[in-house]
Amino acid sequence: MLELSDVNAFYGQSQILHDITLSVGQGRRVAVMGRNGAGKTTLLKSIMNAGPRVEGHMAFRSEALTGQAPNERARLGLALVPEDRRIFGHLTTYENLKIAQYGAARGRENVDVDGLLERFPLLGPLRDRRGSMMSGGQQQMLAVARGVAARPYLMLLDEPTEGLAPTIVEQLAEQVVSCCEEYGIALLLAEQSIWFSRQRTDHAVVIDTGRIAFEGNWTEFDRSLEKIQRHLAF
Ligand code: ATP
């Protein structure tokens, strides 16, 4: 469904990603791990055309990703849940979810927002609360739910566990998977937490200074752990 081949990404003259080749199949869940500054966010933004200049081949659902703007990529069925959440502070939870549907994937049936809220028990009681009145953890849940509300074919989820309490991380992990299964959404997760990644994905990619250092399933990950650890050490 998503195919990247020899992708290079740049901010100005600085090359951040080098020859990235990876794919995410329909309904699959792939984790991209790496330490701070490894290039995880740059990878997700490159797929969405939301910042870096990109060279190389990218295709999504058999369509080449070339010059399409981020909003056009959203229509193709890509949704980015950014690290900094970007919740609309003056809108309520319900409104933040509803508005996501305006940029939803073309040709997909809408997600029912009330049904979606039931899947996030911590968000349900906040249905009418404005984004600016929420804690960081509540905003993070809302950002994930908003990604789901667009009903993408592929959700790009950037470090959802950052700054969250462990109990919330556990709940969020379960909710992400149940939503992906219910609504037919594949996942490309950028994450520093190996625990979170392992719980919820079937494929692991490690990047180090913009290059792929490992790719495989979790059994292969465990087998190569000694070699991989130095790419993940802080
Ligand atoms: P983190 O876990 O800290 O978010 P990351 O793996 O997501 O790290 P990126 O945010 O992709 O890493 O950053 C990769 C490199 O690109 C870093 O060296 C960073 O300083 C640089 N970089 C990121 N954004 C920009 C930008 N807008 N302009 C210039 N360089 C940038």
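**View 1. Accessible surface of the predicted chain.** Buried residues make up 51% of the 234 in the chain; buried here means under 20% relative accessible area.

**View 2. Overall dimensions of the fold.** Along the principal axes, the C-alpha atoms fill a box of roughly 45 × 40 × 30 Å. The radius of gyration is 17 Å, which agrees with the value near 17 Å for a compact globule because the chain has 234 residues.

**View 3. Secondary structure and contacts.** The chain holds nine helices and 10 strands. Take the contacts with a separation of 6 or more: 69% of them join residues 24 or more positions apart.

**View 4. The largest pocket.** A probe the size of a water molecule, rolled over the atoms, shows where empty space is left. The largest pocket has a volume of about 720 Å³. It is lined by 30 residues. Closest to its centre are Met48, Ala79, Leu80, Pro82 and Arg146.

View 5. Four helices contribute at least two lining residues each: α1 (40-48), α2 (70-76), α3 (93-100) and α5 (136-149). The strand β6 (78-81) also supplies at least two. By class, the lining has 18 nonpolar residues. Seven charged and five polar residues complete the lining of the largest pocket.

Notes:
Residues are numbered from 1 along each chain as its sequence is written. This is a predicted model: local features need pLDDT of at least 70, side-chain atom pairs count only at pLDDT 80 or more; totals for chains, interfaces and linings use all residues. Side-chain values use heavy atoms; hydrogens and water are left out. On a 1 Å grid over the protein atoms alone, a cavity is a set of points where a 1.4 Å probe fits but cannot get out, and a pocket is an open set with protein on both sides within 12 Å along at least five of seven lines; lining residues have an atom within 4 Å of a point. Grid points are joined across faces, edges and corners, and a volume is the space filled by probe spheres set on the points. Ala, Val, Leu, Ile, Met, Phe, Trp, Tyr, Cys and Pro count as nonpolar, Asp, Glu, Lys and Arg as charged, and the others, Gly among them, as polar. The radius of gyration is taken over C-alpha atoms; the globule rule is 2.2 Å times the number of residues to the power 0.38. Buried means under 20% relative accessible area, exposed over 50%, partly exposed in between (1.4 Å probe, protein chains only). Contact means heavy atoms within 4.5 Å.
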